[in-house]
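The exercises below go through one structure piece by piece. Try each task before reading its solution.

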Amino acid sequence: MERITLRANGTPSYMEQSYYDEHAVYELLARQRVRDDYFIGMRLDGVSFSSFTKDMEKPFDPKFQRAMDYVCEHLMENIPDLVAAYVQSDEISLVFRQDTAWFDRRTEKFLSVVPSMATGRLTQWSVGLKRLPYFDARMLFLPTLSDVRVMLDERQLDSAKNSVSCIMYWYLRQVEGMSGKSADTFMRNIGDKRDRELWLRDRNIDTPWDKRMGRLFTRETYEKDGFNPVTKQSVRAVRRRVRRNTELPRIAHLTDDGFMELLGMNDA
Ligand SMILES: Nc1nc2c(ncn2[C@@H]2O[C@H](COP(=O)(O)OP(=O)(O)OP(=O)(O)O)[C@@H](O)[C@H]2O)c(=O)[nH]1
Ligand SMILES: [Mg+2]
């Protein structure tokens, strides 16, 4: 390393603008952009949310789930190029417009700004709770709309599997009075999702549809009555608003058209 000496005016010898400019090469990710023809997908996941949700209602806490919905609404309202936000458990999957120019498609921006927005919104909700929430984030570079569908379908499958396990686990703990360890052992013996579903059905335990399938936020158009002050005439204006869908079909079972319609892409 170059020896640093002090100049006559007391500043270090390297302190020239050119030195700082050259140093920018170390900001390695700053210039990384997503290809122009790819869809951008993201997944945010609550970091250590088993701890964050420790004192909440189990297996599902309606207030926490609503809070995750607020996060989705906040993202949809503040990121114009967001097509859809899919939420289940402590995670949110995001789909951006294929042609988005948000932050010039820079990965570093997406990976820092989006989880900050989500964390900020959930923190606002969490005032008074013992722990602070944080989200991590990953990006998916998706060549086609089919890849977008696979991304969401895979998370929906995960939701179905986890919700069944969660309901069974907390039934064993809360109703049958098992310890965590005994419940774990019991569940290992009924390891298959289908078998667990049958086990629950035998006991008339319901697995609510929205807990299995998750919730999806998209945009929809609607007409609004307005008044034009110049012509003094009433007008009908077409507007867009965020839509919360809690009765999702299995994404894997949709046609391509049905999938685009679900995402509100047909009238975008
Ligand atoms: N009580 C309660 N907990 C929930 C609810 N939804 C999600 N969780 C918790 O969130 C966790 C999500 O799982 P993970 O993301 O795998 O676990 P994590 O602790 O966040 O771990 P990392 O994501 O790896 O940091 C679940 O295990 C639950 O503990 C809810 O409605 N009620
Ligand atoms: Mg998590």
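**Exercise 1. The ligand shell**

Task: state how many residues surround ligand 1 and which are the closest.

Solution. Ligand 1 is surrounded by 16 residues, and the closest are Phe49, Ser50, Thr53, Met56 and Asp61. A residue is near a molecule if its C-beta atom, placed from the backbone, lies within 6 Å of it. This is a predicted model, in which local features need pLDDT of at least 70 and side-chain atom pairs count only at pLDDT 80 or more, while totals for chains, interfaces and linings use all residues. Residues are numbered from 1 along each chain as its sequence is written, and chains are lettered from A and ligands numbered from 1 in the order in which they are written.

Next, find the elements involved: strand 1 (39–46), helix 2 (49–52) and helix 3 (62–78) each supply at least two residues of the shell. Helices (H or I, at least four residues) and strands (E, at least two) are DSSP runs, numbered from the N terminus.

Last, sort the shell by class: five residues are nonpolar, six polar and five charged. Here Ala, Val, Leu, Ile, Met, Phe, Trp, Tyr, Cys and Pro count as nonpolar, Asp, Glu, Lys and Arg as charged, and the others, Gly among them, as polar.

**Exercise 2. Helix 3 and helix 4**

Task: describe how helix 3 and helix 4 pack.

Solution. Their axes are 9 Å apart, at an angle of about 135°. The two helices are therefore oblique to each other; angles under 35 degrees count as roughly parallel, over 145 as roughly antiparallel, 65 to 115 as roughly perpendicular and the rest as oblique. The crossing of helix 3 and helix 4 is right-handed (the near helix is turned clockwise from the far one by less than a right angle; anticlockwise is left-handed).

For the contact (C-beta atoms, placed from the backbone, within 7 Å), helix 3 brings Ala67, Tyr70, Val71, His74, Leu75 and Asn78, which meet Met117, Ala118, Arg121, Leu122 and Trp125 of helix 4. By class there are eight nonpolar, two polar and one charged residues.

**Exercise 3. Helix 5 and helix 7**

Task: find the angle between helix 5 and helix 7 and the handedness of their crossing.

Solution. Helix 5 (residues 145–174) packs with helix 7 (residues 193–202) at about 45°, the axes being 10 Å apart. That makes helix 5 oblique to helix 7. Their crossing is left-handed. Helix 5 contributes Lys161, Val164, Ser165, Ile167 and Met168 to the contact, and helix 7 contributes Lys193, Arg196, Glu197, Trp199 and Leu200.

Terms used:
Axes fitted to C-alpha atoms, helices over the stretch in contact; angles between N-to-C directions. Contact = placed C-beta atoms within 7 Å.
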